Amino acid sequence: MSRTEPQALLDATGVAKSFGAVRALTDASLHVSPGEVVALMGANGAGKSTFVKIITGALRPDAGTVLIRGKPAQVGSPAQARRSGLVPVYQEPSLIPDLDVADNLRLGDTPVEPFRHWVSELGIEGLRLDHMIADLPLATLRILDLARAIAAEPDVLMLDEMTAALPTDLVEKVLKTVRGQADEGRGVIYISHRFTEIQELCDSATVLRDGRTVGDLKIEAGAEEQVVELMLGAKIDLGKAAARARHVNEGAPRLSARGLAVAPKVTDVSFDLYPGEVLGVVALEGQGQDEVFEVLSGFRKATGGTLEVDGDAVSFNHPSQAIAKGLTFVPGDRAEALMRERSVRENIALPFSARLRDWGPLKGRQERARVAHAIEKLQIDTRAQGEVQRLSGGNQQKVTIGRWLAHGVETLLLFDPTRGIDVRTKRQIYPLVRELAEQGAAVLYYTSELEEVPLACDRAVVIFNGRVVDVVDAADADEQTLMRAAYGLTEAKAAS
Amino acid sequence: MSDTRIHAEAAEERGLVRLGRFLRDNPVIPLIFFLILLIFAHFYIVMPVRTGRTGALSAFWVNNLIKFAIPLAMLAACQVLTMLTAGIDLSAGIVATIAAFVCATLSPLIGVPGAVAIAMACGVVVGLVNGFGVGVVRVHPLIMTLGTGLIATGCLQVYQRFVISTGTLVPEFLVWLGTGRTAGLPNGLFLFLPFAAFILWLMRFTGFGRLLFALGSNENAAKLSGVKSWQVFLALYALSGVIAALAGLLYLGMIRTPSLQLANPLLLPSVAAAVIGGTSIFGGRGSFAGAIVGALILRVIDTMLTLLQMPEGARIALFGLIILLVTALYVRITGSR
């Protein structure tokens with residue numbers, strides 16, 4: 001039983017899984033040694049989620065072995081996987097909303113004191129155990145999930161897009177804590193789309209493509225290129241904005257906000273959005289950008305300030321009024337925007353029937369043509385005919401954008417359109433947004449990933465603590481500048 | 001599964017899964033199969049047991065089956081349409097009764113056309129109240145339609161006191177529609193076939209129909225696309241009221257004696273017919289064709305139980321059990337609710 005390397009905490013080899021005739025995994029493997037943080041990477045459709053489900057015991061593999069501490073893992077169920085030492089933290093919070101924190105801990109047999117310790121270590125102050133889960137913000141819930149997982153003292157922690165909904169200050173705390181866990185000899189599987197975090201946190205990366213592990217590599221300078229190359233099977237570059245003529249705003253703004261306020265979060269948001277322009281919105285989580293987009297799209301009324309569309313003062317009571325003014329909204333959460341059980345075509349064509357006068361017979365031919373145009377334009381993979389829920393996340397996101405493309409775009413409000421989708425789809429979305437602007441559309445583009453701003457935007461407004469604190473030229477803004485602005489570090493300058 | 005490869009090769013999935021999906025998209029096919037099976041069972045198992053000889057499928061029997069399935073299928077249309085939006089119309093039964101009663105009692109007083117118009121108007125009013133409650137005040141459809149149904153029941157009893165002495169008259173053309181036959185088939189089909197064609201067309205080929213599916217699948221997505229849901233709910237429940245009133249008039253012609261309970265016993269079977277027909281009570285999925293077959297199935301079962309001379313209690317219990325079994329089997333095969 002003597003092996004040269006220290007015994008792996010988790011050792012999955014040759015894992016295969018088919019669903020009917022479809023091979024989701026053919027030969028996936030993953031090794032996690034004590035003290036190691038391994039990034040598990042793969043574009044959408046690489047088989048990552050299937051692999052995760054097998055490792056955590058939610059699915060049974062057709063072939064291959066999963067060993068935890070050298071013992072065949074009896075992963076019949078997630079509970080068994082947990083007992084055997086692997087604790088996952090998923091993207092969706094797993095706490096029960098209608099119970100308070102203490103009850104949730106009791107359900108999972110989580111020791112309270114270590115839990116409290118880790119919660120405050122992770123940067124959440126003043127948590128009371130009698131808080132109802134439903135009343136807590138998403139970011140807090142994710143931290144609670146993580147604290148609960150760490151308090152269970154697992155051998156292997158599995159974190160799935162842990163930092164996706166977190167503000168930057170919490171992200172840093174999370175990364176530090178996770179690193180600390182690894183330094184104590186635990187193993188960590190870290191799943192993320194964010195290269196910067198992976199570079200900061202992880203020791204090695206395991207890359208999946210088309211259902212097999214195509215590479216294990218050490219994370220070091222320049223690894224990013226290599227990982228992307230492995231993931232896509234072809235060389236790409238993400239970090240360069242395509243050279244383009246600098247856009248000059250002229251004429252009257254399409255959309256003009258003055259002193260927009262939404263109590264209590266938004267206090268003073270002013271900006272002008274011109275036709276032909278992509279205006280970025282830079283903000284940390286929860287600075288009021290959600291509310292601003294809700295006002296612009298007609299989901300919520302502003303409590304102060306004015307909004308003008310093409311020079312006319314407007315105030316929307318319902319999204320239909322915003323749409324009538326040409327303001328169309330793509331929300332950050334795809335589940336909000338899609339009818340999962342209906343077809344791609346019906347999803348895209350939904351706005352065509354919205355108005356009372358469109359309740360009559362469907363205009364079949366016209367609808368087909370416009371839907372087909374949007375599908376072609378966005379390169380939506382519609383081989384999966386039928387329900388939208390059978391599409392991959394990236395393709396679902398394209399459907400939500402395609403809906404407005406088919407409808408006709410005047411002013412497009414994009415709220416974090418690339419959240420949680422793969423690199424390839426992201427790289428299709430930037431040029432599309434640029435092209436829409438070049439054809440005369442005005443685009444407001446909020447993104448939670450700062451490196452996207454120079455890629456997609458002309459200018460960017462920075463919102464901090466409910467106020468617009470800065471307007472930057474996006475084309476030559478580097479990430480550091482944006483980051484400083486997002487943290488409100490330029491506020492003094494803007495105020496003077 | 002978010003894996004694109006799985007979608008690409010979805011067509012090659014295992015046979016059973018494929019069958020399930022096919023049936024889910026075409027719920028009518030297994031239902032028709034089941035209906036035929038039931039009819040065979042009726043003639044070759046139930047009839048011999050009761051009468052000692054196998055029965056024969058007579059034109060009379062078919063005529064009766066269809067005749068009594070028609071009002072049930074029309075009320076089932078109310079349920080299918082409202083269930084598409086994750087709603088239900090529990091006032092449909094009493095609306096049908098009111099329409100029938102009002103028509104029969106007003107006909108001697110103000111003449112047939114006026115009576116029919118007022119009967120239909122009653123359906124519209126109850127439907128609009130339902131639509132207002134569901135769409136504007138946002139009361140749960142179950143509670144809303146239950147409430148309006150009870151109020152309407154009360155109103156009917158009050159109304160009855162005023163017209164107690166006038167006597168009743170069932171309009172001639174309703175009797176013709178309800179009991180007459182043309183070429184061996186019930187005249188009710190003259191009303192029902194255009195009606196069914198209209199409902200099927202409405203669900204599939206109009207913007208309104210698409211919005212019903214949209215509201216049931218994801219109301220937020222509909223709102224995002226500019227749909228004012230209260231408009232849809234108002235129109236939907238008003239339409240449901242009209243259909244229920246129409247079904248009530250037809251039923252009046254069939255039974256020919258108005259009562260305060262006339263169509264009420266059809267309410268729960270109409271829900272059952274919709275559910276058996278593959279309509280999801282959670283919204284977003286449903287088929288009127290399925291509900292029609294569902295109504296026929298329920299009628300055959302009812303005939304069988306009558307023939308078996310079961311006591312009323314056992315009949316009702318068995319009826320419920322069969323509905324549960326059929327639904328469970330259906331869910332099992334198609335993997336949908």
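1. A residue is buried if 20 or more other C-beta atoms lie within 10 Å of its own, exposed if 12 or fewer, and partly exposed in between, with C-beta atoms placed from the backbone. By that count, 49% of the 496 residues of chain A are buried. The model is predicted: local features need pLDDT of at least 70, side-chain atom pairs count only at pLDDT 80 or more, and totals for chains, interfaces and linings use all residues. Residues are numbered from 1 along each chain as its sequence is written, while chains are lettered from A and ligands numbered from 1 in the order in which they are written.

2. Chain A has 18 helices and 20 strands. These are DSSP runs numbered from the N terminus (helices H or I, at least four residues; strands E, at least two). Contacts here mean C-beta atoms, placed from the backbone, within 7 Å. Of the chain A contacts with a separation of 6 or more, 69% join residues 24 or more positions apart.

3. Next, the cores. A nonpolar core is a set of buried Ala, Val, Leu, Ile, Met, Phe, Trp, Tyr and Cys residues joined through C-beta atoms within 7 Å. The largest one holds 179 residues, and A:V443, A:V462 and B:A96 touch the most other members. Helix α12 of chain B (residues 229–255) gives the most to this core, with 17 residues. A second, separate core has 67 residues, including A:M41, A:F51, A:M158 and A:V171.

4. What does A:V443 contact, leaving aside neighbours within four places in sequence? The list is A:V278, A:L279, A:L412, A:L414, A:V433, A:L436 and A:A437.

5. Now the helix pairs of chain B. Two packed helices are described by the angle between their axes and the distance between the axes. Axes are lines fitted to C-alpha atoms, for helices over the stretch in contact, and angles run from 0 to 180 degrees between N-to-C directions. Helix α5 (residues 92–110) of chain B and α12(B) have axes that come within 7 Å and cross at roughly 55°. The crossing is right-handed (near helix turned clockwise from the far one by less than a right angle; anticlockwise is left-handed).

6. Among the α5(B) residues in that contact are B:A96, B:A100 and B:C103; α12(B) contributes residues including B:G241, B:A244 and B:G248. The contact of α5(B) with α12(B) has 13 nonpolar residues, four polar and no charged. Ala, Val, Leu, Ile, Met, Phe, Trp, Tyr, Cys and Pro count as nonpolar, Asp, Glu, Lys and Arg as charged, and the others, Gly among them, as polar.

7. Helix α4 (residues 59–84) of chain B meets helix α14 (residues 288–307) of chain B, with axes within 8 Å and crossing at roughly 135°. That makes α4(B) oblique to α14(B). This crossing is right-handed. The contact of α4(B) with α14(B) has 15 nonpolar, one polar and one charged residues.

8. The axes of α4(B) and helix α13 (residues 267–276) of chain B come within 8 Å and cross at roughly 65°. The α4(B) crossing of α13(B) is right-handed. Their contact has 11 nonpolar, two polar and no charged residues.

9. One local site: A:S18, in strand β1 (residues 10–19) of chain A. Is A:S18 buried or partly exposed? A:S18 is partly exposed, because 17 other C-beta atoms lie within 10 Å. Beyond four places in sequence, A:S18 touches A:R23, A:A24 and A:D62.

Note on methods. Two residues are in contact if their C-beta atoms, placed from the backbone, lie within 7 Å. Angles under 35 degrees count as roughly parallel, over 145 as roughly antiparallel, 65 to 115 as roughly perpendicular and the rest as oblique.
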